[in-house]
Amino acid sequence: MLSRVAENIYWLARYIERVEDTARLVSVNANLLLDLPRGIAPGWKPLIDISGANELFEEHYKDYGERQVVRFLLGDRRHCGSIISALTAARENCRTIRDIVPREAWEQLNGLFLFASEHLQQGSTKSGRHRYLREMIASVQGLNGLLDGTMLHDQGYEFLRLGRYLERADMTSRIADVRSATLLPEADELRPFDTIQWVSVLKSLTAYQMYRRSEQIRVQRGPVLRFIFHSDSFPRAVRYCMETVRAGLERLPRNESALRTLGRLARSLDAAHLESLSHTELHDFVDELQAGIAQLHQEIATTWFLPLPEPPAAEAD
Amino acid sequence: MSQEIDWAQYASDGFYDELVAAPGEPRAVARTLLADIGALGAEELAARQEAADVSIKEMGISFTVYSEEGGAIDRAWPFDVVPRVIPQREWQRVEAGLKQRVQALNLFINDLYHDQKILADGVLPREVLAKSINFREQCMGVDPPLGIWAHVCGSDLVRDADGTIYVLEDNLRVPSGVSYMLENRLVTKRVLPELFEHYAPLPVDDYPSQLFDTLAALSPRPADYPEVAVLSPGIYNSAYFEHSYLAQQMGAELVEGRDLFVDDDDCCYMRTIDGPARVDVIYRRVDDLFLDPEAFLPDSTLGVPGLMRAWKAGNVALANAPGAGVADDKVVYAFVPEIIRYYLDQDPIIPNVPTYRCMEPDALKYVLEHLHELVVKPANESGGYGMLVGPASTAAEREAFAEAIKKDPRNYIAQPTLKLSTVPTVVKKGIEPRHVDLRPFILSADRQQVTTGGLTRVALRKGSLVVNSSQGGGSKDTWVVSEDLPSEPLASSRDAAERLSQTQD
């Protein structure tokens, strides 16, 4: 398989996953804010913190108001993590590998892109947003189903899974980090709202129901962190993602160095006693985890993808 | 039941119609076809046309155009459901003529890059070569496999009012359109299956395997299964659909320049997830000048640094060979009859359109005096750019062209305005004649093969002679059929046709 094709499949999967995760995040935040009293609500800034694009955001917007943040995350083409940018990139990646991807999948993605562009206005309004985002999430789920169910499960498919699960692990850890950091002070009278925030963490990941089934205790910080980082049966948990990535890596040639990097990452994940970490320690842990994910991505790129173009030679006078 | 189509009302005034000899009088080869289409009636035919349009959209048959926003968009391929029919006996002659032509052109190109005997013998004026913009110094002395330079040639044929078929031009660089020829047949089978009950047009779908065999024959490692790649400039190229289509059909890799590299051993490799994989043959759909920044344009990023080195060393075959475009020059075209006589000692089977070479004083004088009735073409423009169409021109345009021609007569040829033949075509209200041309594709390697018919391009606008898809042109399925049609179809041939359509869908 051509390196470029592998790379395109990988990014296709990452961008699609980014679309879904971003849509979830916006949707859940909107619901969360409805449940919190005005004075203590964290507002919309945490979403930009999660995306890590604060600088770009502040360059173009005056404040972290709802309209601005939602516009930035849904439809701002200047932001490469916005839904519209991710869809555009996914579509371009898909177009070049139309012989690898089943035709229906291409059509589904194309349709999703058209829907997202044509209804962007509606998606930016309070009343239209819910439908818009729900459609987005359902379409991505449908697309993933099509790919899983109809594509050859060969090396190309492994790259699809690598992209999807690395992006997902990255996003899950970001959500936990930011939500955790902005949590309310540990004052007793705020306890009910504290729970609501952790519920929103779970809901961002559609993990609430599965958490209840699996943990069978009320929602609180320690078990939630354990669930979304350490579960090996919840498909959006970081460990589950890592195990899937490992399975994919094992089926690829020349995988030694990527597997080593993943091994280190998995060991540090397993070693973390999440429940006993303070906010700061948790934040440091997530930082380290993300650095590890970035390093794994780098390892994958170096091993299998096209080398970056060499910088143009200096003009000879 | 919709109204039958009355062929007595169909008139292609003054033009040769491929299917209808005179109002109400079908050509022998099209008699049954016109009866079948007539019986369908205008409404039903319009419905089938709509079904075809839907089908094309669903099948994703598209060509790329540039949108105003700067991105590239895919457009559905315009298609007309009424097939163009060519009698097999006529086609055999055309086929022989095309093979003869391309054989001579290959000998000619090879000669230009070696001894240049044709110049020494004074058959082709030295001036023509001296001013050729597609002649590549870098190719001098190179011996491509089998001595062939133009492996895939698309020659445009037109039929004039008296029924004579002429070659209008030869495309020896990166001719495109063959994928649409293949898809047109599939669409016709889907939307007008009943036409195949009375006709068994010769199949067209062996082209991809013929192309693969042609390319494989060039492999520098004949003992091994050859690694063939299709080199595309990428998704923004207008023919990207065709590049990916042909790669898929041949089971070859579709690559871009950055997927390839030439190593110190002068071999060309693909970058794969298993590491470098050697490539034997590249069907390149990238123009010469973008092939290799080391040899041609240093700023180009479409190509592969060192590719010419690998090609000259004989470690990778390129189709078409770099430099083959030297025979694409319209002035060279004007010499093709002489080229055929010189290399093959034969008379040309298919004539050229009568052509005035402005570099010759008598011709120049005649052209300048008759600009208002001639079509003047610069030597190296493609896609109909930079032309003067005399009858449609203004005095100022003719004045400007006269100046340009006098300044550089070598760069211009002139031809009488052709009366392109017509084929019945579906329009809003029934059926009307529309002008067509034909682009067959000729493959050359260890042997020569010509597509069955080719791509018929049709000017969908009334009276228009412009067949380019980007300018409102469309296409038709093209049938080469035996004239000895049985009055009732043989059971076996019908079964065969059905089997064929089943396996192809």
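Leu289(B), Phe290(B), Leu297(B) and Leu302(B) together make a nonpolar surface patch with about 280 Å² of accessible area. The model is predicted: local features need pLDDT of at least 70, side-chain atom pairs count only at pLDDT 80 or more, and totals for chains, interfaces and linings use all residues. Residues are numbered from 1 along each chain as its sequence is written, chains are lettered from A and ligands numbered from 1 in the order written, and side-chain values use heavy atoms, without hydrogens and water.

**Surface patch**
- Patch members have over 30% relative accessible area and no salt bridge, nonpolar side chains being joined within 5 Å; areas come from the Shrake-Rupley method with a 1.4 Å probe.
- Leu297(B) sits in the loop between β13 (281-284) and α9 (307-312) of chain B.
- Leu297(B) is partly exposed because its relative accessibility is 37%, where buried means under 20%, exposed over 50% and partly exposed in between.

**Cysteines**
- The whole structure contains 0 disulfides over all chains, a disulfide being a pair of cysteine sulfur atoms within 2.5 Å.
- Cys94(A) is in no disulfide, and the nearest cysteine sulfur, that of Cys80(A), is 19 Å away; Cys94(A) is buried at 2% relative accessible area.
- Cys139(B) is likewise in no disulfide, with the nearest cysteine sulfur, that of Cys268(B), 16 Å away; Cys139(B) is buried at 0%.

**Helix α13(B)**
- Phe401(B), Ala402(B) and Ile405(B) are the buried residues of α13(B).
- Seen down the helix axis, these buried residues fall within an arc of 105°, so they line one face of α13(B); the arc is that of the directions from the axis to the C-beta atoms.
- Exposed Ala396(B), Glu399(B) and Lys407(B) are on the face turned away from the buried side of α13(B).

Conventions:
Patch = residues over 30% accessible without salt bridge, like charges linked within 9 Å, V, L, I, M, F, W, Y side chains within 5 Å. Salt bridge = Lys/Arg side-chain N within 4 Å of Asp/Glu carboxyl O. Helix = DSSP H or I, 4+ residues; strand = E, 2+ residues; numbered from the N terminus. Buried < 20%, exposed > 50% of the residue type's maximum accessible area, 1.4 Å probe, protein only.
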